[in-house]
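Let's take a quick tour of a protein chain.

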Amino acid sequence: MSPIYSPEPTDKSKFTAEFDHAYTQFAGVYDFAVKALPVWKTWIKHALPYIRGPRVLEASFGTGYLLTQYAGKFETYGLEYNQRMAYTARDNLEKKGLTAELQVGDVEALPYPGDTFDSLVNTMAFTGYPEGTKAMSELWRVIKNGGRLILIDINYPADHNRIGTTITRIFASLGDLIRDMDPIFKTYNIAYQDHEIGGFGSVHLYLAEKK
């Protein structure tokens, strides 16, 4: 089964507004699902061994499950577009006695100076950005020299197996933008590793170090 990549949305504002509305409506269900489903937690927790500080940014942190796994170890920052998600994440951190500097904002216009973070974490979110190259430019901009990008998301399995490909196409049918990531990384001369970590090869961990 060959990859079928998503076209970039022609109306980027409408695309973002629709995603934002959906997450606002289902923030509570999303939070429950992330906490309750072992497979989802297993996927995103693959990021944890690669995080190094002292300063860490999680872009698009959702309801903050992953933040609660590492916020006590680093100087932690987070940015999330959806206000309901950000509110839930603050509540989840407070319940565990953890703190992080969270704010609402747009990944495609990050409100941080360049060369700020030792690690940047981005899980299950890149397929929700309306302009992949612009998002990557911003993520890469705020990472320090020697810092790491740790990105987990859905994409096609390298061996094109039927189950993994079907899982990827299901995510695409729900509105996620499935992109060929190699040209996006190469646009900014980013050397990266691509590890398939679950979902019959449909869940990828992309690692890059800024040199």
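Predicted model: local features only at pLDDT ≥ 70, side-chain atom pairs only at ≥ 80, totals over all residues.

Residues are numbered from 1 along each chain as its sequence is written, and side-chain values use heavy atoms, with hydrogens and water left out.

**The whole chain**

- The chain has eight helices and seven strands (DSSP runs numbered from the N terminus: helices are H or I with at least four residues, strands are E with at least two).
- Along its principal axes, the C-alpha trace spans about 45 × 40 × 35 Å.
- Of the 211 residues, 49% count as buried (buried means under 20% relative accessible area, exposed over 50%, partly exposed in between, with a 1.4 Å probe and protein chains only).
- Take the contacts between residues at least 6 apart in sequence: 71% of them join residues at least 24 apart (contact means heavy atoms within 4.5 Å).

**Helix H7**

- Helix H7 covers residues 162-173, and its 12 residues reach 16 Å from first C-alpha to last, close to the 16 Å expected at 1.5 Å a residue (the expected span is 1.5 Å times one less than the number of residues).
- Which residues of H7 are buried? They are Gly164, Thr165, Thr168 and Phe171.
- Looking down the axis of H7, you'd see these buried residues fall within an arc of 120°, so they line one face of the helix (the arc is that of the directions from the helix axis to the C-beta atoms).
- Helix H3 (38-44) and strand E5 (143-154) are among what covers the buried residues of H7.
- On the face turned away from that buried side sit the exposed residues Arg162 and Ser173.
- At the start of H7, a side-chain oxygen of asparagine 161 comes to within 3.3 Å of the backbone nitrogen of isoleucine 163.
- After H7 comes glycine 175, with a positive phi near 115°.

**Serine 202**

- You'll find serine 202 in the loop between strand E6 (192-198) and strand E7 (203-209).
- Serine 202 is buried, with a relative accessible area of 0%.
- The side chain of serine 202 reaches the backbone oxygen of glycine 199 at 2.7 Å.
- Not counting residues up to four places away in sequence, serine 202 touches Asp153, Ile154, Asn155, Gly164, Ile167 and Thr168.

How values were computed
Polar contact = N/O pair within 3.5 Å; in protein donor to acceptor, adjacent residues only side chain to side chain.
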